[in-house]
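Thank you all for coming this morning.

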Amino acid sequence: MQPIVGGQRITLAKREARNGQSDGDSGNQLASLFTLESFDVDALPTLKKGEIRCRILCLNIEPALRAWLTTAAVAYADAVRVGDVIRSAGVALVTESRCPKFRAGDHVYGLVGWQSHAIFQVAADGQRLLLCDTRIQRQVQNYEEALAVWSSILSHTGLTAYLGLVDFGRIQRGHRVLITNAAGGVGTIAVQIAKLKGAHVVATAGSDAKIKWLKDVLGVDVALDYKTVTNADLRRAFNPGLDIILDNAGGRVLDQALLALSPGARVALSGFMTAYKSTETRGLTNMYRVIETSSTVQGLLVTGEMMESHTKAKEDLYEWFRQGALRPIVNVRRGLEQSPLCFQSLFQSGRESVGKSIVLLDDASDSLPGHNAPWSAAKPTINRPFRDGVQDGVKETVITNSRERSIHLLTRLIPSISSRGGRQIIVLFIHGTGLPKELWLHVINRLSENVMATPNAQGQNDIACVCFDMSRMGESNRLNRQDGRSIEEGQTHEIWQADIIDVVHDIASRSSETCDFILVGHSAGSTAVLESAIKLTNSNVKVLGVVAIDPTALAAASSPAASAEPRYVKALKSSTARRRDNFPSTDIARKAYKSMPLFRHWKDSQLEILIRFAFTQQGDGSLQSKTSRETEMDVYENWNKAFPVLSDRFRAFPCPLLLISATQSDIFPHALACLAANQPSAIDVYLQTIDADHLVIGSHPDELADHIYHFMQKL
């Protein structure tokens, strides 16, 4: 979309004539209430003291606006008058300022209205504009993701979810939580917070597709269609009781939920979607349960003043986003003229979009000072929520290897680091057996933070982080089986090498720049990248360095008792056998994993990825194993046979090597002895240790990323 030329605004042309329509047709005429007008931006007056001139970039489209379009004012705001600009929160760029609080180039959030340009008298007549958190600019891949975060997680939407669950709800692990309208803006953030806090989440939404999405993507424990669910089904879902209710809808579900309140429960009311859709609202008949259970009911209305004062809430939300545990889920439309249709769609049956609805007014590639077009050129994935650990800002690609098999890749660009003379750096991450590639995303996010915190030089987008599944693993394996391709039984060293080399050559051939590669592998993936780096020596691809994290085959090859089964193999076999059992719920699966020494120190967010990777959630909330236990056990039992002894090959190793060893596994002494005995002095070998067990990728992703980053600086 081209930037807006001149000015545009949308005003209220007439009021809605509401007569108690049904849920299905209540929103079909809303777009006709508005008028799109043009105006001369240059004709806007000269700024007075305390004023700022802004270009509006992003608008929040919310159901609550419908209440402002009636003739009666609501308690916290006057009704929008006919002829006035439609009131709406959003993000704007300050282009000129006579207010000491803001300066040109700042991004602000507040009630900016459906217009492209405006002048605001800061803090006058209740107007309150807040400075957007500038740290977000260092955490995202592109400009549009920054707008998505500012408009959802760090807006009144995210704060409503936080206050309802954390501040008022005092949520704890094991709490049973009901979140209504869970596929909406507040709901999607609330579900993520509840899950990262370890709660059992019951969620409601309005279609089968949304129900499936809530289960498959956000991992809710029970999801119900509020339109079709019976009261008996609700009672079963709420049993044995609810500790917290975050209600965004009102109506029958809330009334039934009151019957299931546990003693001392907390009920946060943050929206009333049923009232927005119809003038015929039903009263609650079960409020007596609040008294019987000594429960507390709290209405939530987040104002600009509250957003300014709740510093801890904003800091927690930012930190969860930085860690990758909380992601923006937004439904995007482009162009100011799309605002009425976007608003109308909120009330129409059959709407399958999820998350916060926002309208982006223009491409705004110059709106972040110091970031040029390449930073915003990559199209974001914010229209599609993350799935199985695939996070927003990460591009999915499927390539075909030399054996005509599919390889599934995830790529994240890291912007604004020093240029290497037009050569792009590709950091390729290869996981070990039985682990999903999505675990690398936490490492990649931390690596991105480190790189983007480095003082800028003249280049942008010269690092791409890529993780992928080999042809017989994870999503690649699913794609190949789905396409009916005949693929080898078992997993061999040669297959892994071939997949890595194919991916390297495919990336190099598609890039418009010359590529330099850094290969990072964990466990068996380490051995595969070490051998692949040697084989790539005679190609036109340059490998700058290799990071080998607990390379398992090295331990087996260098072990004094190579025929004996290493301890790490026994541990992996034991944990594999146990974790491939089915589980009655996600909570029980998480506890079972945590009871195993190998997973005791894993981050909860990493463990959630592994559980989603290994199991399919059934309709009753139970978990069914996705993969064959026998297949994975066979890999461990035959690992020593599958990989050759590599020690002799290291005499010709072509590039610097970083060996990262987990001190609580038995791999480090053997691998170190192997490398020390055979490495020529001309090659740089760096040794680092992490106090962790073999599966360090799950328990210590930040430390791994820091070691990789410091190694990259030496290259």
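Let me begin with how the elements are named: helices (H or I, at least four residues) and strands (E, at least two) are DSSP runs, numbered from the N terminus. What you are looking at is a predicted model, in which local features need pLDDT of at least 70 and side-chain atom pairs count only at pLDDT 80 or more, while totals for chains, interfaces and linings use all residues. Residues are numbered from 1 along each chain as its sequence is written, and side-chain values use heavy atoms, with hydrogens and water left out.

Counted in that way, the secondary structure of the chain consists of 26 helices and 25 strands. Of the 715 residues in the chain, 60% are buried, where buried means under 20% relative accessible area, exposed means over 50%, and partly exposed lies in between, using a 1.4 Å probe and protein chains only. If we take the contacts in the chain with a separation of 6 or more, 75% of them come from residues 24 or more positions apart, a contact being heavy atoms within 4.5 Å.

How many disulfides does the model have? A disulfide here is a pair of cysteine sulfur atoms within 2.5 Å, and by this rule the count is zero. As for individual cysteines, C342 is buried, with a relative accessible area of 0%, and C655 is also counted as buried, at 1%.

Now to the charged pairs. Side chains of opposite charge can pair when their charged atoms come close. The rule for a salt bridge is a side-chain nitrogen of Lys or Arg within 4 Å of a carboxyl oxygen of Asp or Glu, and a search of the whole structure gives 19 of them.

One of these joins K356 to E62, with the closest N and O atoms 2.4 Å apart. K356 sits in strand β15 (residues 356-360), whereas E62 is in the loop between β3 (51-61) and α1 (65-68), so this pair ties together parts of the chain that are 294 residues apart in sequence. Both K356 and E62 are buried.

A further salt bridge brings together the side chains of D469 and K437, at 2.7 Å from N to O. Here D469 belongs to strand β19 (residues 463-469) and K437 to the loop between β18 (423-430) and α14 (440-452), and the two are 32 residues apart. D469 and K437 are both buried.

Then there is D706 with R446, whose side chains meet in a salt bridge at 3.1 Å from N to O. This pair links helix α26 (residues 701-714), where D706 lies, with helix α14, where R446 lies, across 260 residues. D706 is partly exposed, having a relative accessible area of 22%. Finally in this group, D133, R135 and E315 are linked in a network of salt bridges.

Let me turn to a pair of helices. Helix α3 (residues 156-167) packs with helix α11 (residues 311-323) at an angle of about 105 degrees, their axes being 10 Å apart; axes are lines fitted to C-alpha atoms, for helices over the stretch in contact, and angles run from 0 to 180 degrees between N-to-C directions. That makes α3 roughly perpendicular to α11, since angles of 65 to 115 degrees count as roughly perpendicular, under 35 as roughly parallel, over 145 as roughly antiparallel and the rest as oblique. On the α3 side the contact is made by G158, L159, Y162 and V166, and on the α11 side by K312, A313, D316, L317 and W320.

The last topic is the backbone. Most residues other than glycine have a negative phi, and most peptide bonds are trans. The peptide bond from N239 to P240, however, is cis, with omega near 10 degrees, and P240 is found in the loop between α6 (231-238) and β11 (242-247).

Which residues other than glycine have a positive phi? R170 is one of them, with phi near 50 degrees; R170 is in the loop between α3 and β8 (176-179) and is exposed, at 52% relative accessible area. N181 also has a positive phi, near 50 degrees, and is placed in the loop between β8 and α4 (185-196), where N181 is partly exposed at 29%.
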